[in-house]
Amino acid sequence: MIAHPPGEEIQFDRLELPDPPDGWGVGEHAHLLVGALAHSGRWRAVLAESEDFPHLVQALDDVVRKLGGTARRWRLDRMATVCYPSTGQVTAAFAAVAKYYGVGVDICPPRRGNRKGVVEKANHSAAQRWWRTVPDGLTVVQAQSGVDKLSLRMDDRLRRIDGAVTTVGELASAEPLLDIPVKPFPAELEVERTVSPQSLVAFDGNLYSVPPGLPGVTVKILHRLGDDELRIVTTGRAVVARHRWAPRGAGQTVRDDGHVIALERAVLSSFSDRAPCKTKVRKPPSAAALAEAERLREGPAAGSSAERVVIDLNHYAAVADRLRSVPSSKQEESPE
């Protein structure tokens, strides 16, 4: 067993969870980033929409904030967004992230799962105690709330240190963690969304308005982490809306006043001052309808399948008469 000094290491691992609810729109797997303090065993986890670099940075930042700070070193797998898998050398982009948070990065050796056994155990708890019970109708925000509650309950696990009984939460509270920056590393998220019939697009548990006339159109949402503004652009990168950023999972609907006025005008312009349709109007059958009725009266065409079918109801009546009387046991045993 490897001894981990307090506040020395956070172990991160990315967990791919199969068969997420269709409403999440993440494909065949949901992506969960788990981070565990190697000394105390406290862990927190964050659902990410994707495994690309900006979403990884966003999830890392959320995890360390949920942990209450960061350890001096981060231990990660050989993810392509973190290092070059063939050599284990950290990429320049992720080195900038580590420098921003003031931590060192350790890449786990290949086929050495025991080197990050603390987070592996946390993965098992998240998969068995939470993911298996997630119903289909749950949103991403609700699912995130569920895994947060589980990780908080796991802080009550008992630990024995030098003969004294304590809990994971008490050990974690005593770890000397480093402070983290006020804002996350400024990576830029870029996600695709489809405009709803109400001229709204969903992003991180909130809804943002776009000008009317775009229902069903695919747009992109651009948001630099830490900024108070996000942009909604077309696939050709033309900006159609700018909004203040609402916190993740806040459930807010952010509308631009100009979009509201334009949508009201579009709705009102669809109304008409014409007289309503008359409901009690005699509408005799047309010539085509009369011709079709006459054709049906003439009967089926010669040689049709309906003409070849012959149903003898007398046969069915005879069978029904025999079935009305149940034969006695002696009648069944007597030979005919």
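D77 is partly exposed, at a relative accessible area of 23%. On that scale, buried means under 20% relative accessible area, exposed means over 50%, and partly exposed is in between, with a 1.4 Å probe and protein chains only. Before going on, the conditions. This is a predicted model, where local features need pLDDT of at least 70 and side-chain atom pairs count only at pLDDT 80 or more, while totals for chains, interfaces and linings use all residues. Residues are numbered from 1 along each chain as its sequence is written, and side-chain values use heavy atoms, with hydrogens and water left out.

Back to D77. Its side chain meets that of K116 in a salt bridge, 3.3 Å from N to O. D77 sits in the loop between strand 4 (73-76) and helix 2, and K116 in the loop between strand 5 and helix 3, so this pair ties together parts 39 residues apart in sequence. By salt bridge I mean a side-chain nitrogen of Lys or Arg within 4 Å of a carboxyl oxygen of Asp or Glu. Helices (H or I, at least four residues) and strands (E, at least two) are DSSP runs, numbered from the N terminus.

K116 also forms a salt bridge with D13, with the closest N and O atoms 3.4 Å apart. D13 is in strand 1 (residues 9-18) and K116 is in the loop between strand 5 (104-107) and helix 3 (117-129), 103 residues apart. K116 counts as buried at 3% relative accessibility, and D13 counts as buried at 8%.

How many salt bridges does the structure hold? The count is 22. Another of them joins R44 and D155, where the closest N and O atoms are 2.9 Å apart. R44 lies in strand 3 (residues 43-48) and D155 in the loop between helix 4 (140-153) and strand 6 (158-161), so the pair ties together parts 111 residues apart in sequence. R44 is buried, with a relative accessible area of 6%, and D155 is buried at 8%. There is also a network of salt bridges that links E9, R73, R75 and D106.

T234 is in the loop between strand 12 (229-233) and strand 13 (239-244), and counts as partly exposed at 25% relative accessibility.

Two strands pair if DSSP finds at least two bridges between them. Strand 8 pairs with strand 11 (residues 218-224) over 7 bridges, in the antiparallel sense. Within that pairing, the bridge partner of E190 in strand 11 is L222.

Last, the aromatics. The whole structure has 7 aromatic pairs. One is Y100 with F185, edge-to-face, 5.6 Å centre to centre and 80° between the planes. Y100 is in helix 2 (residues 92-101) and F185 in the loop between helix 5 (168-173) and strand 8 (188-194), so the pair ties together parts 85 residues apart in sequence. Rings of Phe, Tyr and Trp (its six-membered ring) pair if their centres lie within 6.5 Å; planes under 30 degrees apart are stacked, over 60 edge-to-face, and the rest tilted. Y100 counts as partly exposed at 32% relative accessibility, whereas F185 counts as buried at 15%. Both belong to a cluster in which ring pairs link F12, W74, F94, Y100, Y101 and F185.
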